[in-house]
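Here are some questions and answers for reading a structure step by step. Look at the sequence and the model before starting.

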Protein chains: 2
Amino acid sequence: MNSHDTWRVFVFRLGHRIERDKRVTTHVFLVARAFGAHGAFYSGQRDENIEESVRRVVKNWGGSFSVEYVENWVEKIKWWRKNGGETIHLTMYGLPLDEVIGKIRGSGKDKIVIVGGEKVPRLVYEIADWNVSITSQPHSEVGALSVFLHELYMGSELRREFENAKIKIVPQAKGKKIIRLD
Amino acid sequence: MNSHDTWRVFVFRLGHRIERDKRVTTHVFLVARAFGAHGAFYSGQRDENIEESVRRVVKNWGGSFSVEYVENWVEKIKWWRKNGGETIHLTMYGLPLDEVIGKIRGSGKDKIVIVGGEKVPRLVYEIADWNVSITSQPHSEVGALSVFLHELYMGSELRREFENAKIKIVPQAKGKKIIRLD
């Protein structure tokens with residue numbers, strides 16, 4: 001665990017579409033887990049396959065990351081804010097990461113990091129406490145999320161250990177070294 | 001431009017499959033461009049749609065990023081190394097990013113950053129000068145690439161300007177502000 005654990009971070013993937021988004025949404029969830037988020041929410045189409053594949057990763061690789069489907073994202077986010085949490089929306093239109101990350105890290109609040117798909121409703125920009133850009137160029141919600149979490153945790157996530165892992169990798173200059181712990 | 005421009009960085013996406021990888025490979029290319037790489041190569045199946053969609057982004061958003069299809073990746077990488085360039089393979093099995101990034105940044109050599117898909121041939125691990133892990137957890141080649149480039153360029157890529165852009169974003173706390181320059 002890292003030293004930031006007085007607050008928690010969840011990722012919210014908006015508007016998932018099973019056919020089109022299955023791989024990108026999976027990447028969003030796996031990045032969220034690998035980079036230290038505590039769990040993820042998603043809205044749009046419910047996708048049991050993705051939920052199952054994340055469960056399988058957690059079972060093998062450890063930690064307690066979980067994914068929850070949310071029918072009404074507006075209600076969820078309003079509830080979150082009412083309960084003292086803050087929301088950060090990653091968008092190429094937002095304020096530059098390096099300008100705001102210190103304030104976000106220092107707020108002491110639980111955080112939801114919102115990543116959209118193709119079309120993000122205008123309401124998201126208004127409801128978010130922070131609209132943050134990871135470059136002002138078009139690229140990828142997966143790329144944006146990973147750099148955001150990397151900066152939020154100041155690189156400490158790179159060496160994070162996951163509890164109850166059945167599989168662990170021992171870093172190598174060449175080749176693969178995997179330890180099985182079960 | 002940034003201060004690292006004595007050396008150049010290209011991204012090599014191995015084993016692209018049109019149906020399965022179209023969105024993830026597009027994300028790889030757009031992250032490469034947005035985070036300051038000079039261009040990308042890819043092997044596997046040739047995909048004119050992806051090439052065209054990257055060209056469209058470059059035309060609108062500026063810079064000179066280009067994508068080149070490579071039939072024989074082994075030859076290309078051998079040629080690259082023979083001509084003084086180095087190769088970095090991003091893999092969860094490699095050495096931790098923070099242990100090696102300083103040496104990679106300081107080498108002064110042109111770089112190819114290799115990202116694989118599902119099954120990466122063993123030869124890649126052997127042929128690479130560096131096998132580098134961005135966490136030792138399963139996640140995403142898009143996430144790995146973005147954090148790698150972010151660390152390579154030490155965050156300077158976040159404020160990069162692209163020449164000859166027709167569209168530019170002016171960062172906003174709320175909403176969208178787009179300037180059209182043509």
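A crossing of two helices is called right-handed if the near helix is turned clockwise from the far one by less than a right angle, and left-handed if it is turned anticlockwise. The model shown is predicted.

Q: In which hand does H1(B) pass H2(B)?
A: Helix H1 (residues 18-34) and helix H2 (residues 48-61) of chain B pack at an angle of about 35°, with their axes 10 Å apart. The crossing of H1(B) with H2(B) is right-handed.

Q: How do the residues of the contact of H1(B) with H2(B) divide into nonpolar, polar and charged?
A: From H1(B) come Lys22(B), Thr25(B), Thr26(B), Phe29(B) and Leu30(B), and they meet Ile50(B), Ser53(B), Val54(B) and Val57(B) in H2(B). Sorted by type, these residues are five nonpolar, three polar and one charged.

Q: Which strands stand at the edges of the open sheet of chain B?
A: The six strands of this open sheet run in the order S3-S2-S1-S5-S4-S6, with parallel pairing. An edge strand has a single partner, so one of its sides is left without a neighbour in the sheet. In chain B the edge strands are S3 (66-69) and S6 (130-133).

Q: Which residue is the bridge partner of Leu90(B) in S5(B)?
A: Strand S4 (residues 86-96) and strand S5 (residues 111-115) of chain B pair in the parallel sense over five bridges. One of the residue pairs is Glu86(B) with Lys111(B). For Leu90(B), the partner in S5(B) is Val115(B).

Q: Which residue stands opposite Val115(B) when S1(B) and S5(B) pair?
A: S1(B) pairs with S5(B) in the parallel sense, over five bridges. The residue opposite Val115(B) is Arg13(B).

Q: Is Ser140(B) buried or exposed?
A: Ser140(B) is found in the loop between S6 and H6 of chain B. A residue is buried if 20 or more other C-beta atoms lie within 10 Å of its own. Ser140(B) has 27 C-beta neighbours inside 10 Å, so it counts as buried.

Q: Which residues of chain A does Ser140(B) touch?
A: The two chains meet through 42 residues of chain A and 42 residues of chain B. Ser140(B) takes part, leaving aside residues up to four places away in sequence, by touching His27(A), Leu30(A), Val31(A) and Val142(A).

Q: Which element gives the most to the side of chain A that touches chain B?
A: The residues on that side of chain A divide into 20 nonpolar, 15 polar and seven charged. Among the elements that give two or more residues are helix H2 (48-61), strand S4 (86-96) and helix H6 (141-152) of chain A. The one that gives the most, with six residues, is H1(A).

How values were computed: Residues are numbered from 1 along each chain as its sequence is written. Chains are lettered from A and ligands numbered from 1 in the order in which they are written. This is a predicted model: local features need pLDDT of at least 70, side-chain atom pairs count only at pLDDT 80 or more; totals for chains, interfaces and linings use all residues. Two residues are in contact if their C-beta atoms, placed from the backbone, lie within 7 Å. Helices (H or I, at least four residues) and strands (E, at least two) are DSSP runs, numbered from the N terminus. Ala, Val, Leu, Ile, Met, Phe, Trp, Tyr, Cys and Pro count as nonpolar, Asp, Glu, Lys and Arg as charged, and the others, Gly among them, as polar. Axes are lines fitted to C-alpha atoms, for helices over the stretch in contact, and angles run from 0 to 180 degrees between N-to-C directions. Two strands pair if DSSP finds at least two bridges between them. A residue is buried if 20 or more other C-beta atoms lie within 10 Å of its own, exposed if 12 or fewer, and partly exposed in between; C-beta atoms are placed from the backbone.
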